[in-house]
2 protein chains.
Amino acid sequence: MHAITLTEFGSPDVMQWTEVPDPRPAHGEVIVDVAATAVNRADLMQRQGFYPPPPGASDILGLECSGIIAELGDGVHGWKVGDRVCALLAGGGYAEQVAVPSTQLLPIPGALDLHAAAALPEVASTVWSNLVMYGGMRSGQTVLLHGGGSGIGTHAIQVAKALGATVAVTAGSQSKLDFCGSLGADILINYKEQDFVEALPGGADLILDNMGAKYLERNVNALAMDGTLITIGMQGGVKGELDFGALLAKRGTVHAAGLRGRPVTGRSSKADIVADMTTRLWPMIEEGRVGPVVHAEIPITDAAEGHRLLDADAIGKVVLRVT
Amino acid sequence: MHAITLTEFGSPDVMQWTEVPDPRPAHGEVIVDVAATAVNRADLMQRQGFYPPPPGASDILGLECSGIIAELGDGVHGWKVGDRVCALLAGGGYAEQVAVPSTQLLPIPGALDLHAAAALPEVASTVWSNLVMYGGMRSGQTVLLHGGGSGIGTHAIQVAKALGATVAVTAGSQSKLDFCGSLGADILINYKEQDFVEALPGGADLILDNMGAKYLERNVNALAMDGTLITIGMQGGVKGELDFGALLAKRGTVHAAGLRGRPVTGRSSKADIVADMTTRLWPMIEEGRVGPVVHAEIPITDAAEGHRLLDADAIGKVVLRVT
């Protein structure tokens, strides 16, 4: 098959569409003929050599895909060849085929475009595992989403609104904020012009943060009583000062979690997240209340352009078409 | 009635047993004839002027008591004059009588000494709300308790063992560690001689911490995957450096919470904690699996001596007898 490989670590141009060995399904895995994959910030870091794949994972880029099941490995139940699926991957999505544990497959909801569905697994798993399964997001809460225009942000807005929360977002441009508003966000904060702590005088029950150290102090100050800060990225630095006095006064919580390093099965696993999403999130997608937000769909042979688009502040996801 | 009042803020000797007005029960409150109260670290801080009572609370010291119900206010159900009780207070325990919301009363388990029961409400509410209600402590987990010889530590050891957890404690002397071992603690760590991170190579699912900033980095390093650090005191400083990289790699959580500032009713309230303890913890006390740990029982007219004993590293609680 063909896949994107790297001539070396570096700029987007190190990515080449080349011939590589076909994947084989291990026990419990299926082979998916990939229709499309999507670009994640982790791909850009891996391309530059800063984010090696976890042990056992493919060294081909790509943390999600959509496509058609081509082959079942031993011990796979509930799926058949020909099923339209999307999948959460530990790697290997930038390719014509990928092997994936069947516990990381999700069905393509009826009316959804097969290629656009490639934009769902990573953002959905990240948002659902953190805000819903960990944070217990529910009706009546106020949720603050940093980077509201990102793939994760645009998905989180929809899920939070579908669950009945009040949604505040930060972004750095009016066009992003307008788009967030069109998805239902209630409070639009341009972080270049306004302090988000001041913009939320009642505080947030949940904060989804991608900035880490840089926002720590203000995020704690922006928590409501019993509020929870969930940090999933460290774009603003790794080490920050935590004020226990401020946190204790709020009975607050700081949680940080990633997705890629989770185990395939067991406690806090990808299988757990996918199973819970299938039951509780997928009906919202089938009803059209939550859907993929695709900034651009381009051929995978132009993967370099896809990476540049994400770096240039795409609103939503960049999808790479394989078929 | 008589109560301890302060001639000024300062040393233990500012406390005097003097005549003050009797308390009156507000709606939903009862008057308790106090048999005994117990000393908390917060009392020492309040005596020195560092910890003013929350709005509406008595300015008399004392966050817990045991005694006999003397009078019911309007709107009190389920209690009667003459009931033997212990109570979680927002203040006012160092007195012959105290007014307390009936939702903060707990029955005295059958065989328990009325005076010793004064040592239970604060430590039980703190341990139960944080480790069980927030942290979800359960069988099979490993729990690290800092200050294992303190009132909170000696209570937490018993509750954790009763729930089937493996218990590690830190303390600064062999006599404290020996006592923790006699209560069932499995792993005894003298923090003056051993690094607790190294002593727990598998990590802790839950850490109960009273040190704050000073232990933050090592506490995060001592967490197991998906582990939770709960900080309830800041004896080692208020502001510490949080390494999001280390926390994210563990999918870890840092939580901080107090007890005194919680609302009387509603979400995260004292009423919620007391109700849950009555249902789930009190049976363990009735069965003798969890009990008060009393270092010394002295007359309330010697309150100054009680404060000095706590400061001198008492093991367990110091009870002040009123009757």
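Reader: OK, how much area do chain B and chain A bury between them?

Author: This is a predicted model, and in it the two chains bury about 2800 Å² between them, with 57% of that on carbon and sulfur atoms.

Reader: Which residues of chain B lose the most area to chain A?

Author: B:Phe244, B:Leu248 and B:Arg251; together they make up 26% of what the chain B side buries.

Reader: And how many residues are in contact?

Author: 34 residues of chain B touch 34 residues of chain A.

Reader: What's the make-up of the chain B side by class?

Author: The side of chain B that touches chain A has 15 nonpolar, 10 polar and nine charged residues.

Reader: Which element gives the largest share of that side?

Author: That's β13(B), with five residues.

Reader: What does β13(B) pair with, and is it parallel or antiparallel?

Author: It pairs with β13 of chain A, residues 239–243, in the antiparallel sense over five bridges. Within that pairing, A:Lys239 stands opposite B:Asp243.

Reader: Last one: how many salt bridges are there between the chains?

Author: Two are counted between chain B and chain A. One joins the side chains of A:Asp205 and B:Arg267, at 3.9 Å from N to O.

Definitions and conventions
Residues numbered from 1 in each chain as written. Chains lettered and ligands numbered in written order. Predicted model: local features only at pLDDT ≥ 70, side-chain atom pairs only at ≥ 80, totals over all residues. Heavy atoms only, no water. Contact = heavy atoms within 4.5 Å. Buried area = accessible area lost by both parts, 1.4 Å probe. Salt bridge = Lys/Arg side-chain N within 4 Å of Asp/Glu carboxyl O. Helix = DSSP H or I, 4+ residues; strand = E, 2+ residues; numbered from the N terminus. Nonpolar A, V, L, I, M, F, W, Y, C, P; charged D, E, K, R; others polar. Pairing = 2+ DSSP bridges.
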